[in-house]
Structure formats: structure tokens, C-alpha cells
Amino acid sequence: MIVVMKPGSPEAEIIRISKEFEDWGLTPEKIVGKHKVVIGLVGDTASLDRLQIQEISPWIEQVLRVERPFKRASLEFRHGESSEVVVSTPDGPVTFGRDRPVVLIAGPCSVENEEMIVETARRVRAAGARFLRGGAYKPRTSPYSFQGHGESALALLAAAREASGLGIITEVMDTADVEKIAEVADVLQVGARNMHNFALLKKVGSQDKPVLLKRGMSATIDEWLMAAEYILAAGNSNIILCERGIRTFDRKYTRNTLDLSVLPVLRNLTHLPIAIDPSHGTGWSEYVPDMAKAAIAAGADSLMIEVHPNPAKALSDGPQSLTPEAFDRLVGELSVIGKALGRWSKEEVKV
Ligand code: PEP
Ligand code: MN
């Protein structure tokens, strides 16, 4: 349920009403929008009468029910207003959001050594990326495949951050690793295979770093948003959803089926910002540019793209990784679409 306050409602009144809701055993959450303040109510609201709530203050404009199972993640919970996720990076804050410039996240699948991660960071930064991606802990299908360098790779990510000014996005797979990864990462990635790891969702929800939540490879949109709801319910409202392709019947020519229809669909369902990962979405570098362009045209707030200085030698996901040159060319093409949509950063980020 949400309680929409009239414009100019006194703060003291919002506090008084919120206390009253607490006394009823509910959890009120104050959401300050561009034009209005909304109090979101979580808890057992089924038996509450909307009109009765309306009575408790003349400053209440409207009381509405949130019908979706994902309450806090729903667009209704913020009365139709999109949310933004502001992430601090060494080069200043970067905002993910619906009316903001598209944020580019680029880097290798995994952190292999210092030279390659620092070089990749510099190159993608020069091309216009604001975040470096790279796994220290890798979820691999086979236990015999490269599993990531773990803790030592975190130090390499820190060095690349320092050298490039980029923010760092890296995956966390285990609740026990959250703190140490959060010391280096500016955004924690929960990967497709862990979208249903509820212990991990609660853990990343109870710390401060923003979370990039990938869609599980067989997850419905509702299941994905319920996973986001776990993070929100634990207290972290800084979530970026990331579509990375789903399993369908035909995987002969692509690794996954990149579901770009999530862009218009999620806009109707949730206020959270949306990223698209065309690298895992297609599995082949030659298909990445077209899907990246389509994603921006369809309204993506961010793109996550795998870039490796030598894809043929990559320890993971080489076939889907762009070279730094190809990434630079792609950004030039993306900028045409981004500018046409009014969603491209005015400052040309070059180093
Ligand atoms: C990755 O980003 O390298 C990764 C493993 O992604 P996903 O969880 O989408 O497979
Ligand atoms: Mn990968």
C-alpha cells in the first residue's frame, strides 16, 4: 500500500503519520519523489481500509494498493517515478537512471593478471566507459575450468581502479566474501547463477554498496523482481537490473536469447534502472555491436560489455569478448543513437 502526501506536506506530519503506521505493526518507508512524498507501507495491509487511512491526516492525498507481489520493486511503490542509482567512482559520481546518459561498463570476463586488467581499464576508459568489470571469483559450469584468481585479483582490480579512474563492478558468489569484495568494488554483481541464492541476496541487501542483479538464465521477470525485492527488503535500494540472456529452445547460433523486450516490460513494472549485457546474451563478439545498439535504442540505462586485449587467449569467455579497438568503434556508433535519444554524456570522456 502507498500513501501519497499532498505537495508541501509538513515534515512533522509525515513523521507523525509514519509513527502511527509503526504502531499498527507496519513498516513505513518514506520515498521522496521529484514532486511528491510517498509513504510506502510494507506488512499485513490486506485488512486495512483505504478510506480509514485517508482519515488520519488532511495532508494525505491518496491511498493506493500495490497489487504486485514485488512491493518495493514495483513502479507503483514510487507512484510511477523511476529511481536512480548514484555510484561514486574515483572520477566522481555516476548515475544510472531512466533520464540519464547511458552508462558503459566494460572489461574482461575475468581478471587474469595486472598488466591485462590495467591495460583494459585504460583502453575502455579512453573509449568512454565509466566502470570496469572483471571477475575475481568466477561461476564456471565445469569445476575444472579457470575459477578466477580470487582474493589476489581484488588487489589487481584496486590497481586498475587507481590507474584508470573507473568504478569497479565485480561478482560476489559467496556470502562470506561480501565484505572483502565490497572493500574494492563500487558495485557488487550478483550473477545469473546466484539470482536465486536468497542468503546472498539478503547479505548484499544488508550492506551499502549498490548491486547489479543479473537475471537468472531461466528466471521469469517476476522471479527476477522478487530477487530484487529480497535486496530491497534487507535495506539496500541501490539495485541495477541486468538482462544477460535466457535459455530458449534454440541455442545453436547464440549462447542465450537476449530478451530485449524486458526493456519496455520492466518500465511498466519497476522503477529500477536497467542494464543490458549483450556479451553473455549472444555469446559471440560479432553479434555484440548490433544488440548493443538495439539495447540503447530500446531504452537501456546501461550496457555491460566484455572486452579483452587478446580475446583468443582469454581464460574465460574469449569468443564473446570485443577487442579494445572494436569496443572503441562500437562506442562511436552507440553515441549516434545515444545522442539522438538525448541519452549521451555531453563530456567526451577521454584520457
Ligand atoms: C559474467 O558477468 O562474467 C557472468 C558470469 O555473467 P552471468 O552471471 O550473466 O553468466
Ligand atoms: Mn563472462
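A: Let's start with Cys 242, which is buried, with a relative accessible area of 0%. Here buried means under 20% relative accessible area, exposed means over 50%, and partly exposed lies in between, using a 1.4 Å probe and protein chains only. Keep in mind that this is a predicted model, where local features need pLDDT of at least 70, side-chain atom pairs count only at pLDDT 80 or more, and totals for chains, interfaces and linings use all residues; side-chain values use heavy atoms, leaving out hydrogens and water. Residues are numbered from 1 along each chain as its sequence is written, while chains are lettered from A and ligands numbered from 1 in the order in which they are written.

The structure holds zero disulfides, a disulfide being a pair of cysteine sulfur atoms within 2.5 Å. Cys 242 is in no disulfide, and the nearest cysteine sulfur, that of Cys 109, is 13 Å away. Cys 109 is buried too, at a relative accessible area of 3%.

Ala 73 is another buried residue, with a relative accessible area of 0%. You can find Ala 73 in the loop between β4 (60-64) and β5 (85-89); helices (H or I, at least four residues) and strands (E, at least two) are DSSP runs, numbered from the N terminus. Leaving aside residues up to four places away in sequence, Ala 73 touches Leu 225, Glu 229, Leu 232, Leu 269, Thr 270, His 271 and Leu 272, where contact means heavy atoms within 4.5 Å.

Now for the helices. The axes of α6 (residues 198-205) and α7 (residues 221-233) come within 7 Å and cross at roughly 45°. Axes are lines fitted to C-alpha atoms, for helices over the stretch in contact, and angles run from 0 to 180 degrees between N-to-C directions. α6 and α7 are therefore oblique to each other: angles under 35 degrees count as roughly parallel, over 145 as roughly antiparallel, 65 to 115 as roughly perpendicular and the rest as oblique. Phe 198, Leu 201, Lys 202, Val 204 and Gly 205 of α6 meet Ala 227, Tyr 230 and Ile 231 of α7.

For another pair, look at α3 (residues 114-127) and α11 (residues 324-340), which pack at about 15° with axes 9 Å apart. That makes α3 roughly parallel to α11. Arg 123, Val 124 and Ala 127 of α3 make the contact with Pro 324, Glu 325, Phe 327, Asp 328 and Val 331 of α11.
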